Amino acid sequence: MDYLPLFMAMIYFLAITIIFGMIARKKTRSAKDFLKSGQGFGWIMMAFAFSLLPLGAGNTLSLWESAPVLGASVLWWAIVAGGLFIPVMMMFLGPIVRQSGCNNMPEILEHVIDVKFGRLNAGINIACWTGIGSAETLATAAAVYGLGGHRLEGVLPGSAFVWCTLIALCLVVLYVIFGGILQMAMLNMVNAVVMIVCSYVAVGMLGVWLAANIGGWSGVQAIFDEMGQSHMLTAFDFGNSALWLQVIIPVVVLHMTACGISQMMNQPFFAARSDEECRKGVFLAPFWNVMSSVPWIILALTAFGISQSAKFQNLLPNLIDNPDAAKLGPIELALEALPAPIIGLLMISLLCATLSTGGPMAMGNANILVNEIFKKGFNPDMSEETRFKLIRISIIICAAFFAVPALLNAVIFPVFLWCFSFGIPVFVIYIMGLKVRRNTTAAWITIIAAYAVNFWWTFAPPHMIPGADLLGGAFSLNMYPVTIVSIVLGVILPFVIPGGKPAFLKGKGFEGSADRLAG
C-alpha cells in the first residue's frame, strides 16, 4: 500500500500519454504538423489546450508554499491568470499570433522589430523558460518523492530524489514527444477534467478526517481564530497592502508580460483553425484555471494551522519546527489524513497541472532551438525530415536542462519572479511595435536598461537597493523597477529617437513581411 499512490499515478500517465501519443502520431507526419497540427484546432480543444498552460507549479506548489505567509490571498495568482491573462490572450493577442503564419514568438519579433532582436529573444526565451521549467520539474519530482518515491531510499543507488527527478523528466518528455501540439491538446482536455475531479474528491475526504480529529472545517477556523490570524482564511482582505503589492500587482504584470510573449503560452494559437476558434472558449478556460488552485491552498492552510496549534500539531509531527514545512505541508497532510487510493488521485491531480505546463515548455524551447538557432543560424536549407527529427531530439535535450536547476533550487516563487521579469521589456516593445510605433534603437535601449536593472535588483543585497523600503518593502521585488524602466523607456523612446516607423499592424502587417518564413 505504501507504493500504491505512486503506482496509480505512473500507470495513469504512462497509459494516457502513450495512448493519446500514438493517436496523435498517426496524424503528425512533419515538423509543421508537430508544431501546428495543420492549424486545425477548434474552440474546445483550444480552450483546454490553453487553460492548462498557466497552471503547473505556479498554481500548485508556488501557491501552497506561499500560503502560510500570505494566506488565502495567494488565490489571486489564479484569479488574475484565469480572469485577466487568459481572456486577453484568447480575445486579442492570440488571434494576432495565429494570423502571423510564423513558427514561434521570436520569429514574430523579427518581423515587428528586427531580425537581431528576434534572435536575442530566442536565446532569452530558452534561458528563462529553462529556469521556469526547472521549477515545474521540481514540483513534479517533489510530488513523486513525497507521495511514495521517498521509499526508494536505500532501494536504488544514490538519492531517491534524484531518481524522482529522472521520473519527472521522463513524464515531461512523454507528454509531447509522440504527437507534439496535438498530443498535448488531447492530454490537456482529459487531464483538465481529471485534475478537478481528483483534487476536489481529496478535499472532500480531508473533511471527513478533519471531522474525526479536530471538529471539521470549523475546527480549522477555530485554530486560526486562536492564533489571531483569521484574516489568512479570506482571499478578499483588500485592506492588506501585501495582497496588492506582493500578489495581485506582480501577478498581473508578470502574467501579462512574460507569459504574453512566451512561446510556450502562445503555442496553441499557432494551431488554431480561425480567430473565432481562439475566442469561443474564453468563458470555459478561466473557470478551469481558477478552480484548479483552490484545493492546494485549502490543503496548505489546513496543514499550516494544524502544525501551529499546540493542541493538534502532533497530528502532523513531521512539520513541527521543520524549515521545509511550507513546501511539505499538503503532502504530509495527505499522507496522514487520506487513504492510499485518494492520495493516488491527489498525486494524479498535481501531476496533471505540472506536466500540462512542463511538457509544452520543453516543446516550446525545442521549437525555438531548432527553427531559430539550428535552422536559421547553421543550416538554412535544412530539410523538413531533418527538422522533424531534430525537434523530437531537442525536446529531450531541453527537458534534460530542466534537471540541473531543479536539483539546486529550494524555493519556487523567487524563480518565477526573476525569470518572468525578463519578459516585461520584451512585451512592452512588442505591444508598442504592433499597435503604436516601432523604433529599433529604442527597443534595444529599453531591453538593455531593463535587463541591467533586473540583474541589479535580483543580486544586490536589499540595503544596497535605492528605495527598497518604499511601498512597505515591496519595491525590493525586481519586477517593480523593471516594469517602470520598461514602460518609461519603451513608451517614450520610440517617439523621441529618430528612425521611428508606424505600428506594424497599421501597415500590411505580416502579409507585407517579405522575409516571412513558410511552414
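**Note on a predicted helical model**

1. Start with Leu346. Leaving aside residues up to four places away in sequence, Leu346 touches Ser199, Ala202, Trp296, Leu299, Ala334 and Leu338. Contact here means heavy atoms within 4.5 Å. Leu346 sits in helix α17. Helices (H or I, at least four residues) and strands (E, at least two) are DSSP runs, numbered from the N terminus. Leu346 is buried, at 3% relative accessibility. Buried means under 20% relative accessible area, exposed means over 50%, and partly exposed lies in between (1.4 Å probe, protein chains only). Leu346 and Ala143 are 203 residues apart in sequence, and their C-alpha atoms are 9.6 Å apart in space.

2. Keep the ground rules in mind. This is a predicted model, in which local features need pLDDT of at least 70 and side-chain atom pairs count only at pLDDT 80 or more, while totals for chains, interfaces and linings use all residues. Residues are numbered from 1 along each chain as its sequence is written, and side-chain values use heavy atoms, with hydrogens and water left out.

3. Next, look at the packing of two helices. Helix α6 (residues 75-100) packs against helix α15 (residues 285-308) at an angle of about 165°, and their axes are 8 Å apart. The axes are lines fitted to C-alpha atoms, for helices over the stretch in contact, and angles run from 0 to 180 degrees between N-to-C directions. The angle makes α6 roughly antiparallel to α15. Angles under 35 degrees count as roughly parallel, over 145 as roughly antiparallel, 65 to 115 as roughly perpendicular, and the rest as oblique. The crossing of α6 and α15 is right-handed. That term applies if the near helix is turned clockwise from the far one by less than a right angle, and left-handed applies if it is turned anticlockwise.

4. Which residues in α6 and α15 meet? From α6 come Leu75, Ala78, Ile79, Ala81, Gly82, Gly83, Ile86, Pro87 and Met90. From α15 come Ala285, Pro286, Asn289, Val290, Ser293, Val294 and Ile297. By class, this contact has 12 nonpolar, four polar and no charged residues. Ala, Val, Leu, Ile, Met, Phe, Trp, Tyr, Cys and Pro count as nonpolar, Asp, Glu, Lys and Arg as charged, and the others, Gly among them, as polar.

5. Helix α3 is largely enclosed by the rest of the structure, because seven of its nine residues are buried. The buried ones are Met45, Met46, Ala47, Phe48, Ala49, Phe50 and Ser51. Their cover includes α6, α10 (180-213), α13 (263-270), α14 (275-279) and α15.

6. Now the charged pairs. Side chains of opposite charge can pair when their charged atoms come close. How many salt bridges does the structure hold? There are nine. A salt bridge is a side-chain nitrogen of Lys or Arg within 4 Å of a carboxyl oxygen of Asp or Glu.

7. Lys376 has two partners to check. Glu107 forms a salt bridge with Lys376, with the closest N and O atoms 3.9 Å apart. This pair links distant parts of the chain: Glu107 is in helix α7 (residues 105-112) and Lys376 is in helix α17 (residues 340-378), 269 residues apart. Glu110 also meets Lys376 in a salt bridge, at 3.1 Å from N to O. Glu110 lies in α7 and Lys376 in α17, so this pair ties together parts that are 266 residues apart in sequence. Glu107 is buried at 1%, Glu110 at 8% and Lys376 at 16% relative accessibility.

8. Compare a local pair. Glu384 and Arg387 form a salt bridge, with the closest N and O atoms 3.0 Å apart. They are three residues apart in helix α18 (residues 384-408), so about one helical turn separates them. Is Glu384 buried or partly exposed? Glu384 is partly exposed at 34%, whereas Arg387 is buried at 4%. Elsewhere, salt bridges that share partners join Glu107, Glu110, Arg119, Glu372 and Lys376 into one network.

9. Finally, check two backbone angles. Most residues other than glycine have a negative phi. Gln39 has a positive phi, near 45°. Gln39 lies in the loop between α2 (31-36) and α3 (43-51), and is partly exposed at 29% relative accessibility. Asp321 has a positive phi near 55°. Asp321 lies in the loop between α15 and α16 (325-337), and is exposed at 79%.
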